[in-house]
Number of protein chains: 2
Amino acid sequence: MEFFNVMSVDEVKNILINNFKNIKIETEKVTILDCYERVLSKDIASQINVPDFNRSTVDGYAIKSNDSHGCSDCMPTFLEVTGEVNMGQAVDIDIKNGQCIYVPTGGMLPKSADSVIMIEYVEKLDESTIAIHKPISTGENVVYKGDDIKENQVVLKKGKKINSQDIGVLASLGAYEIEVYKSIKFTVISTGDEIIDLDENLEFGKIRDINGYAICSLIKKLGGSVVKKSIVKDNYELLKEEVSNGIKNSDIVLLSGGSSVGTRDYTHDVINSFDGQGVLVHGVALKPGKPTIIGECENKAVIGLPGHPVSAIIVFKIFIEYLVNQILDIKETTYTVDAIINTNLHSSPGKKTYQMVSLEEIANKYYAKPMFGKSSMITLLSKSCGYIIIDEDCEGLYKEQEIKVHLL
Amino acid sequence: MEFFNVMSVDEVKNILINNFKNIKIETEKVTILDCYERVLSKDIASQINVPDFNRSTVDGYAIKSNDSHGCSDCMPTFLEVTGEVNMGQAVDIDIKNGQCIYVPTGGMLPKSADSVIMIEYVEKLDESTIAIHKPISTGENVVYKGDDIKENQVVLKKGKKINSQDIGVLASLGAYEIEVYKSIKFTVISTGDEIIDLDENLEFGKIRDINGYAICSLIKKLGGSVVKKSIVKDNYELLKEEVSNGIKNSDIVLLSGGSSVGTRDYTHDVINSFDGQGVLVHGVALKPGKPTIIGECENKAVIGLPGHPVSAIIVFKIFIEYLVNQILDIKETTYTVDAIINTNLHSSPGKKTYQMVSLEEIANKYYAKPMFGKSSMITLLSKSCGYIIIDEDCEGLYKEQEIKVHLL
C-alpha cells in the first residue's frame, strides 16, 4: 500500500506556476464581433481622443458661460442665435459674447463656446433671439475632447478578458480587429473499465462518462478548446498512447477517473514514462480532491483529476482555472457572496475543505446550507450554487457564523 | 416641447410581461457538447437509477456489516475472501456471513453485501483470509442504486440555463441530445447622423457606433443571436424600412442612439406607424435611462434604448435581460455582493437610480466607490464592476452604509 505524500493547495499552485506559467500560447486577430470573453494578448492604447471634439450632452444652446452669470427668472439674459449645429458635422461658425448657437445632443460645440444651456431653461423669443433664466458654469453639459479617453492612453490591459463594456471601449476607438490569445488546447481523457460513453449500452456495472462532459464544458467556460475527448480502459499501453497524443496535440492533458488503485498507478506510471520531470504532485491536502496527480511530460502539463465528479470539478476550479489565468496573465477578480451558515459544520483539520452549499435569501441576507452527500454524486453539485472554503487549521464553523461563498 | 409621461421600472416590467411574455420561441435539439448555457425547453426526467447498482466509493472488501460489529484492534474478525469484483462488470457471486469480496472504487457490490471496509483497515493474512479491525455500519462506503438520481425523477426543469454541473447530470442519464430553446433573434439598429461604423473615416463631429457593438455582445452573453446590426441616419423612411425588416426577421428589435429630439421623434413615429399597439412606454423613472421607448409592432417588441452608452447598457440589463428571462421562463438567481459605500451619495428622488461602482476589498470587506462621470462616457462603464440601485423614495446613501452591488 502506498500512502500519498500530500501537498498543500498553495504548494501545488506554486508548482503550477514554476513549471507551466510560461507555456507559450499563440495569438490571433479576431473581429470585435467575435472577441467577447477572449483574452487580450497586448495592451490597447488609443490613437485618438474620445470624443475628438467638444460635445454637447443635451439639446440646447452653446454659449459663453459668463453671458449667463447673474441672470435669473426675473432678470433674463438675451442672446442672439447666430446658427445651428448639424448633427455629425463639423461646426464652421463661432460665437462671441452675446451670441449662441443651437446644438443637439451629441453635437459639436463652436470653438469659443464653453457650455450648453438646456432648451428647458430657454425661452425662444423669435428666430434669432432667446432669453435664458439660469446661470450655468463653464463645462456644463459638455464632454470635452478626450474627456472619455485620451490619445495614447492605455484603455485595456494585456490579460483582460473582454466584456461588453470593453467592447464598447474598443468600438469607441474604431478597433475592428483585436489581438487575443488563441484558446488553450486541452485533451480530456476519462479512464476506467467501468466508464462508457453516452452512445453505448448501459450494461450492469457500468457508469456513464460524467466527468468527461462536465470538464469539457468547464473548459469551454474558461475559453479553452477541447482537441479530443476520449474514454480509455484501465490499460497502461492504451493510456500511454492517448496521453502521448494529448501531449503532441494540446497544451494541457486532463485525465479523470482512475480513482481505483489500479488506474491511479497507471496514471502515475504513464506520467513518469515520458521525457520530463514526471510526477510533481501526487496527493493534495484538499477535501474533496485528495487523489490529484500533476506531472510534467515533454514540457506539457498532464493532470489527473479525481474520479468522483464533485472532486473532479472542485480540483478543476482550484487548479486548472488558476493555471489558465496564470498562463494568459488574466487579472479577473471574482467576488464572493457574504452569507450566514445555517448549521454547525465540521471540517477535516489538516486539509483545506471545500464544502458545497446552496443559498437562500431571507430578510435581505443570504443563508448558506451545506449540501451533504457522497462526492460521487453529481446531483450534490447541481443542487449547489457555490462552495465555502474552510482552512486547514480550522475544525469547523458555528451556526450563524459569517462566511464567504464562492459561486460555481 | 413634449414632456415624457414617465413610468416606474416595475410598471414597465409589467408591460413587458403582459405584451411579450408569450412571444413564441421554437425549440431545437443540440448535443450535450453544444448545450452549455442553452435553456431547457422542457423538464428532464431520468429514465434510469443513477447509479443503477450498489456501488463502492472506496477500494476495499464488500462485507455484511454485522460481521464487523464488535471487532477492534485487539479483537479482529476473520473473513474468507471468496472472490473479486472486476471493474465495470456485473457481479455473479454473492457472499454469506463470514465471507467477503474485494471491490475497487466504483465497483458493484455483491447482492448480500451492505457495506465496504476500506483496505486501510484490513490486514491480508493469506490469499483467502483477511482480518478486519474496525466495525462499520450498514451502507458505509456504498452509494445505493438510485441514491444520486431516482428513475422518473425530474432532475432539471424547463427554463434551466445549463451549466457544467447540469451537463454532468445529463451525462449521468446518458442524455446525448437535449431539447433547448432556439436563440431569441434580435435586430440591432444604431441611429443618428453622427454615428459611423468602425470601417468608416472618423470625420470631425462623428462618433463611432459604441452601442451597437456593446449591445451585440450583451445579446451574445444572454444567449441570443443578432440577425442584423446596422446604422441608420436620422431619416424617417430609412428607419421605418430597417425596423420593418427587423420585425420580419427577428423577435425583438432594439434601436439605440437617437438621444436628440429629432431621432427620438422618428423612433416614436416609426413605432406608431406599424400595425399593433404602437408606443407603450415613452420614458422611465430611471437614472440613467429615462428616454427609453417601448412599442409593440405586429406582435414584436420594438425597444428604443437611450443613446448614451451607460444608459443603453443599464436599460438593456434592466429590461431586455428581464424580458428574455420571462419569455424563456429562465429561473436564474443572480447574487449580489454585499459592500460598504465609501462616500456619501446623493440620488435623484422620484427616479430609481442605478449608480455604477467599482469594488475594493479591504480587510475581508468590500468597499464600493461610486464612479462618477457623464453617461456618454464608455470608460465610466469599463472601470465599474457593477451597480447599486437606489430606490425612488430615497434621497441618498450615507458613507459606510451597507449596500448590495449587482455585478455587471
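My entries go from the whole chain to the sheets and then to single residues.

**Ground rules**

I am working with a predicted model, where local features need pLDDT of at least 70, side-chain atom pairs count only at pLDDT 80 or more, and totals for chains, interfaces and linings use all residues. Residues are numbered from 1 along each chain as its sequence is written, while chains are lettered from A and ligands numbered from 1 in the order in which they are written.

**Chain A as a whole**

I started with overall shape. The C-alpha trace of chain A spans about 95 × 50 × 40 Å along its principal axes. Its radius of gyration is 31 Å, whereas a compact globule of 408 residues would come out near 22 Å (taken over C-alpha atoms, with the globule rule being 2.2 Å times the number of residues to the power 0.38).

Next I counted elements: chain A has 7 helices and 28 strands. These are DSSP runs numbered from the N terminus, helices being H or I with at least four residues and strands E with at least two.

I then checked burial, and 50% of the 408 residues in chain A are buried. Buried means 20 or more other C-beta atoms within 10 Å of the residue's own, exposed means 12 or fewer, and partly exposed is in between, with C-beta atoms placed from the backbone.

**Where the chains meet**

How many residues of chain B are in contact with chain A? I get 75, touching 75 residues of chain A, where contact means C-beta atoms, placed from the backbone, within 7 Å. On the chain B side, the elements that each supply at least two residues include α2 (164–173), α3 (210–222), α5 (261–272) and α6 (309–327). That side divides into 39 nonpolar, 20 polar and 16 charged residues. Nonpolar covers Ala, Val, Leu, Ile, Met, Phe, Trp, Tyr, Cys and Pro, charged covers Asp, Glu, Lys and Arg, and the others, Gly among them, are polar.

**Two sheets in chain B**

One open sheet has 6 strands in the order β16-β13-β17-β21-β20-β18 (chain B), with mixed pairing. Two strands pair if DSSP finds at least two bridges between them. The edges are β16 and β18 (278–282) of chain B; each has a single partner strand, so one side of each has no neighbour in the sheet. From one strand to the next, the twist averages 20 degrees. Axes here are lines fitted to C-alpha atoms, for helices over the stretch in contact, and angles run from 0 to 180 degrees between N-to-C directions.

Helix α4 (residues 236–249) of chain B packs on this sheet, and its direction makes about 170 degrees with that of β13(B).

I zoomed in on β13 (residues 185–191) of chain B. Why is it largely enclosed by the rest of the structure? Because 6 of its 7 residues are buried. It runs parallel to β16 (residues 225–232) of chain B over 7 bridges, with B:Phe186 opposite B:Val226. With β17 (residues 252–257) of chain B, β13(B) pairs in the parallel sense over 6 bridges, and there B:Val188 stands opposite B:Leu254.

The other open sheet I looked up also has 6 strands, ordered β7-β4-β6-β5-β9-β8 (chain B), with mixed pairing. Its edge strands are β7 (115–118) and β8 (122–126) of chain B. Here the twist averages 40 degrees from one strand to the next.

**Single residues**

A:Val155 sits in β11 (residues 154–156) of chain A. It counts as buried because it has 23 C-beta neighbours inside 10 Å. A:Ala45 is 110 residues away along the chain, yet the two C-alpha atoms are separated by 5.7 Å. Beyond four places in sequence, the contacts of A:Val155 include A:Ile44, A:Val169 and B:Thr379.

Most residues other than glycine have a negative phi, and most peptide bonds are trans. The bond from A:Val50 to A:Pro51 is cis, with omega near -15 degrees. Another cis bond joins B:Lys287 and B:Pro288, with omega about -5 degrees. A:Asn299 is not a glycine but has a positive phi of about 65 degrees. A:Asn299 is partly exposed, with 16 other C-beta atoms within 10 Å.

Conventions:
Two residues are in contact if their C-beta atoms, placed from the backbone, lie within 7 Å.
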